[in-house]
Every structure is written in structure tokens, then in C-alpha cells.
Amino acid sequence: MAASAGPEIERLIALLSKLPGLGPRSGRRAALALLKKRDTLLAPLALAMAEAQAKVRACGVCGSLDVTDPCAICSDATRDPRLICVVEEVGSVWAMERGGAFKGRYHVLGGLLSALDGVGPEALRIGELVSRVGDGPDGGAVTEVILALPATVDGQTTAHYIADRLAGTNVPVTMLARGVPVGGDLDWLDDGTIAQALRARRPA
């Protein structure tokens, strides 16, 4: 870090460097960009962050983030409460909503099971999920739990654990299909994706 930078700038760089995808060098570039555009970028960003810190909260039902509790999705009467899509983090909710194809409700785990990182079931919102499925949202029975978790070792471990926990509820537990993406070229796909696509093939 430059010796000429004051403590305020150094603190800004240090905090920016902690953001996902940013390191010390990216943090310095981001800090410089913000400081060069104080009126049009830094001040509005500071205001937006202060408002988010004061108003944004976790939804008591699904665990997503919103300014209301329950969140807008859980409060939307047009969405099907019988369908629950389980995701790792809030960012996955936003990704699913961009597609606009899912019209049910969500459940945010807050992470994945990881023996290496010491993350066990008690650290995630799995117990809350089991309660939601058992009780049924809005007094109605859950007809399907969709696991939209990463195709990683931790993601698969978490999916199997959740399926085992929900086995006694008699509610179908499904997973998102994985394989050839829309517009994908086979020559660019890895062997695992092609193998998964073959296993998940369906009638044309």
C-alpha cells in the first residue's frame, strides 16, 4: 500500500479488498475510482450503503434479504406456496428470479455442508426447511422441494443430506437438471458436463 496514502484511504482500500473478487490491487483501483468521482459515485454509494445497513434484513420465512419481513416473494399471493426451491445463498435467489421461470417460494440455507471448513447441519437453515415442509406454508401442503445447489462436492453432500432429512415427509425432492446449456457447443464442454447430459437425456 502506498506510503503517501492517508489512514482514511488505507482503510477504504482495506475494506474494498475484502469484497469477493477483489484483492489489494483491485481494492486500490476501486478506491481511486471512487475518490476521483466523489460527487457522482462515492457519495451516492455511501448513502446507498447506509440505507441498506439500516433497512435491509433477513426474511424470517425463507432467509432472503429485503426491506420487509416476510420478504416480497414470501408475501406474494400469486406465487405457489407448495413449491420450495432450496438455494445456497441469496445470490442464487436473484439468479433464479432473473430467469422468471420459477413461480414458487425459496429457502436460503446460508451456505453448504463442508467437513473441511467445519460447517455442519446446525450452521445452516436445514432445520427451518424441515419445519416448513412438515408444517406446510400458509396451511397448505408442500408438493415438491427443488434443490438448486451447486454441482460441487459440498453441494452434492448438502443435497443428499437434505433429501435424507426430508425422506420421512413423503414430499418429492428433486434437483435441477444439469447438462448442455442453451446455445452450448459440445466442443467447449467438459467431460463431466457431457456425461451428466447423457444421464439426464429425455425423449425428443
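## Overall picture

Buried residues make up 27% of the 204 residues in the protein chain. Buried means under 20% relative accessible area, exposed means over 50%, and partly exposed lies in between (1.4 Å probe, protein chains only). This is a predicted model: local features need pLDDT of at least 70, side-chain atom pairs count only at pLDDT 80 or more, and totals for chains, interfaces and linings use all residues. Residues are numbered from 1 along each chain as its sequence is written, and side-chain values use heavy atoms, with hydrogens and water left out.

The protein chain holds eight helices and six strands. These are DSSP runs, numbered from the N terminus: helices are H or I with at least four residues, strands are E with at least two. The radius of gyration is 21 Å, well over the 17 Å that the globule rule gives for 204 residues, so the protein chain is more spread out than a compact globule. That radius is taken over C-alpha atoms, and the rule is 2.2 Å times the number of residues to the power 0.38. Along its principal axes, the C-alpha trace spans about 65 × 45 × 35 Å.

## The open sheet

Four strands form an open sheet in the order E4-E3-E5-E6, with parallel pairing. Strand E4 (105-108) and E6 stand at the edges with a single partner strand each, so one side of each has no neighbour in the sheet. Two strands pair if DSSP finds at least two bridges between them. E3 and E5 pair in the parallel sense over four bridges. Here Ile84 has Val145 in E5 as its bridge partner.

Helices pack on this sheet too. Helix H5 (residues 90-99) touches E3 and E4. H6 touches E3, E4 and E5. Contact means heavy atoms within 4.5 Å.

## Helix H7

Helix H7 (residues 153-165) has 13 residues. From its first C-alpha to its last it reaches 18 Å, close to the 18 Å expected at 1.5 Å a residue. The expected span is 1.5 Å times one less than the number of residues.

Its buried residues are Gly155, Thr158, Ala159 and Ile162. They cover an arc of only 100° around the axis, which puts them on the same side of H7. The arc is that of the directions from the helix axis to the C-beta atoms. On the other side of H7, Val153, His160 and Asp164 are exposed. The cover over the buried residues of H7 includes strand E3 (83-87), helix H6 (126-135), strand E5 (144-147) and strand E6 (173-175).

Terms used
Axes fitted to C-alpha atoms, helices over the stretch in contact; angles between N-to-C directions.
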